[in-house]
Amino acid sequence: MATSMELRCWGSGWGLPSVHTECLIVLAYAKFSGAKVTVSPIDWTWKTLTATVPELVHGESTITEPSQILNFMRKQRFNADYELSARQGADTMAYIALLEEKLRPALLHTFWVDAENYANLTRPWFASRSPFPLNFLVPGRHARTALSRILLTKGESPLHTITEVEGKIYSDAKECLNLLSHRLGTDNFFFGNAPASLDAFVFGYLAPLHKASLTNSPLQCHLRQLENLSCLCDNVLAVYFSSSSPGSPQPVQETVDANLQKLTQLVNKESNLIEKMDDNLRSSPQHKPRRPDPKPSLANEKNFTPA
């Protein structure tokens, strides 16, 4: 019997199965390849501080990083790239490298460094999914990590501060989006009518930007002007992650509401039964209770004189 695969990741939000880019990549690839994965959100647990997500557990093996997880799934014969040619495989690697170099810094800045977006969206979401006292630690830790990563990769001379770097990273990100849009064209997916690993990576990077209610994001405005990329995100969500699609988990709130409705119906039935029993008792003929005749006392027996 094959050992099941468990994927530990950040949970759903903003209309997405996960708000975390790397987790979305793995979730999408699992759907595309038909891999049976049990999703275990780390929300509201102490793992929000200690876990490296996404994390795939299979037997005694634990794999992290999307590229390594996807390679592991391919070894388990879940390969969404099976029909790609060598040229398409090379294009996949090139575009994934482009996403990492050009788009990721701008996404990190949008969600974790931009003051308005961080205060109004990112920090409240991650704080609400972390237990006390981690709700005070987790968002700030992610924000510092994002800032350090941006400056490490883009802060070369003469750009040393985040303010100086902003213009460069957003210009690179818009160029990356334009290249992706041109490559996709009018097709449903990047290599025809079937999604592959490149579609999973693009979905993971773009879906949070597409769906989040950001206060300030020129990059989001630019993405929404590229209709084919927006449609790609919407199509993946509709086909592979909608509540009506096979194997998709029912949202937690819907499950709670359904259970509450069942409990309410049960209570109503019990109340109706009690009322009916009460009505039957009231409508049935009532008889005055009979008291037994009092027994003569010992003193009366002594004073009794036969005639």
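Among contacts in the chain between residues at least 6 apart in sequence, what percentage join residues at least 24 apart? The share is 72%, where a contact means heavy atoms within 4.5 Å. The structure is a predicted model, in which local features need pLDDT of at least 70 and side-chain atom pairs count only at pLDDT 80 or more, while totals for chains, interfaces and linings use all residues. Residues are numbered from 1 along each chain as its sequence is written, and side-chain values use heavy atoms, with hydrogens and water left out.

Confidence is given by pLDDT, the predictor's score for each residue from 0 to 100. The chain averages 81, and 75% of the residues score at least 70. Helix 8 has the highest mean, 97, whereas helix 12 (residues 298-303) has the lowest, 47. Over residues 297-307 the pLDDT is below 50, and this stretch has one contact in the model beyond near neighbours in sequence. Residues 244-268 also stay under 50, with eight contacts beyond four places in sequence.

The expected span of a helix is 1.5 Å times one less than its number of residues. For the 13 residues of helix 1 this gives 18 Å, which agrees with the 18 Å between its end C-alpha atoms. Twelve of these 13 residues are buried, so helix 1 is largely enclosed by the rest of the structure. Among the buried ones are Thr21, Leu24, Tyr29 and Phe32. The buried residues of helix 1 pack against strand 1 (5-9), strand 2 (37-41), helix 3, helix 4, helix 8 and helix 10 (227-240). Just after helix 1, glycine 34 takes a positive phi of about 80°.

Next comes the empty space. Rolling a probe the size of a water molecule over the atoms shows where such space is left. On a 1 Å grid over the protein atoms alone, a cavity is a set of points where a 1.4 Å probe fits but cannot get out, and a pocket is an open set with protein on both sides within 12 Å along at least five of seven lines; lining residues have an atom within 4 Å of a point. The largest pocket has a volume of about 1,200 Å³. Of the 45 residues that line this pocket, the closest to its centre are His20, Glu22, Val53, Arg104 and Arg149. Helix 4 gives the most to the lining, with ten residues.

Two single residues complete the picture. Valine 138 lies in helix 6 and counts as buried because its relative accessibility is 1%. Leaving out residues up to four places away in sequence, valine 138 touches Trp10, Thr48, Leu49 and Ser130. Histidine 222, in helix 9 (residues 218-225), is also buried, at 16% relative accessibility. Beyond its neighbours within four places in sequence, histidine 222 is in contact with Lys174, Leu177 and Asn178.

Key:
Points joined across faces, edges and corners; volume = space filled by probe spheres on them. Helix = DSSP H or I, 4+ residues; strand = E, 2+ residues; numbered from the N terminus. Buried < 20%, exposed > 50% of the residue type's maximum accessible area, 1.4 Å probe, protein only.
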